[in-house]
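Here is a short tour of one protein chain. Look at the sequence and the structure, then read on.

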Amino acid sequence: MIIVGSLSMIVVVALTAITTYNSAKEDVLNIAENDAVRIGTIIVKHYQYDLFNKNKLNEGWSSLEIDMFDRHVKDFLSPFEIHKIKVFNSNSEIIYSNEMDIIGIKDKNNESLIKALQGKINSHLVHEDEIVDLSEEKQLNADVVETYFPVYNEKGEIVGAMELYVDVTRYRDEVIHRVTTSVVSISAILIVVFAISYFIVRMGSKEVKTLLDRLYNMAVYDTLTGIYNRGAIIEQANKELSLMKRRIINGEPPKCLGIIMTDLDHFKKINDTYGHQAGDKVLCEFTERIRQSLREYDIYGRWGGEEFVILLPETDHRKAAAAAERLRKIIMEEPFSINGTSLNITASFGVTCCYDPYESFDTLLAKADEAMYKAKESGRNRVVSKQ
């Protein structure tokens with residue numbers, strides 16, 4: 001029994017580590033892919049005419065004009081941790097890249113590019129021992145997500161594709177932390193389970209329930225901050241939308257749901273300057289300030305990295321924006337004390353409100369996310385609302 005139990009524990013721990021790693025990797029891919037598509041959409045909106053209609057990069061632009069255009073694009077992308085950009089026309093020809101010497105080359109037999117020109121978004125994680133970013137500085141041991149996605153014109157026709165390298169190295173420690181925490185936690189639980197296996201029958205269902213509660217907490221709560229994780233936030237949001245639907249069905253006055261997405265400004269700089277432990281303490285202190293500023297029945301959780309989502313039941317757009325502004329001031333006005341160091345930290349907020357419970361939470365969150373990125377693009381440390 002000891003041999004079987006030990007082998008079973010090894011298998012369970014190994015499967016837990018693999019599953020947790022794959023889940024974390026998928027989360028990072030999704031975050032980077034969404035970022036790439038959002039940024040790429042903005043680039044296309046601003047430069048589509050030059051790139052796809054006039055196509056001047058291949059039709060007579062002077063070297064000075066090309067350099068100015070290239071510098072403008074790189075300046076625009078510099079805050080977003082983009083290492084590489086390529087723009088392709090519908091014939092798989094590179095019409096712009098930060099690597100100027102490959103402009104005009106046709107990228108043949110590139111399956112990812114072919115899929116993008118067919119309307120499919122595809123991404124994969126790449127480890128680079130050495131990579132040159134847009135500022136032409138070398139970065140060693142970097143993790144990047146390479147994303148290909150289609151580019152559409154005003155008629156909805158695919159006119160080309162774009163490839164972006166998004167730096168996700170900052171998530172490496174978080175992935176390792178998540179895997180380590182899961183493995184340690186599940187190992188501890190399994191050891192306890194096997195140690196008390198002889199007594200479970202006599203102890204009855206009470207002990208079993210305790211173990212199930214522990215597993216539930218691991219599945220629902222963020223291991224660092226102790227608040228809801230991404231899956232739990234989605235579940236809570238869907239419950240709130242269901243309550244709103246029930247009121248409508250029962251003929252009661254409809255309610256609304258305020259949604260706030262917030263992201264700490266320049267959080268990567270904190271990790272790079274003071275270390276990831278200091279960054280973790282900032283996230284925990286940030287969580288505590290969220291808790292203190294909200295009502296008892298408000299819902300909040302860590303969406304991923306330094307992003308947090310707040311749900312405000314029975315709160316209209318104006319009140320949700322006011323709550324975000326109140327929290328913004330709480331974050332800004334009182335420095336964070338980390339290991340004896342006083343840090344002035346700010347956050348950007350995106351606000352939206354749901355009045356129609358039949359609108360999906362993904363759509364609502366996309367609005368809040370878009371508003372938050374506008375807040376960052378507008379200078380950070382501000383609240384932006386989107387209806």
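How do the residues of the lining of the largest pocket divide into nonpolar, polar and charged? They divide into 15 nonpolar, 4 polar and 15 charged. Here Ala, Val, Leu, Ile, Met, Phe, Trp, Tyr, Cys and Pro count as nonpolar, Asp, Glu, Lys and Arg as charged, and the others, Gly among them, as polar.

This is a predicted model: local features need pLDDT of at least 70, side-chain atom pairs count only at pLDDT 80 or more, and totals for chains, interfaces and linings use all residues. Residues are numbered from 1 along each chain as its sequence is written, and side-chain values use heavy atoms, without hydrogens and water.

**The chain**

The chain has 11 helices and 12 strands. Both are DSSP runs, numbered from the N terminus: helices (H or I) have at least four residues, strands (E) at least two. Of the 387 residues, 44% are buried (under 20% relative accessible area; exposed is over 50%, partly exposed in between; 1.4 Å probe, protein chains only).

**Two pockets**

A pocket is found on a 1 Å grid over the protein atoms alone: an open set of points where a 1.4 Å probe fits, with protein on both sides within 12 Å along at least five of seven lines. Lining residues have an atom within 4 Å of a point. A volume is the space filled by probe spheres set on the points, which are joined across faces, edges and corners.

| Pocket | Volume | Lining |
|---|---|---|
| Largest | about 910 Å³ | 34 residues |

In the largest pocket, Asp35, Arg38, Arg170, Glu307 and Tyr373 lie nearest the centre. Helix H11 (361-377) supplies the largest share of that lining, with 7 residues.

**A look at Arg295**

Where is Arg295? Arg295 lies in the loop between helix H9 (276-293) and strand S7 (299-304). Arg295 counts as partly exposed because its relative accessibility is 32%. Its side chain makes polar contacts with the side chains of Tyr297 (3.0 Å) and Asp298 (2.8 Å). A polar contact is a pair of N or O atoms within 3.5 Å; within protein, one must be able to donate a hydrogen and the other to accept it, and residues adjacent in sequence count only if both atoms are side-chain atoms.
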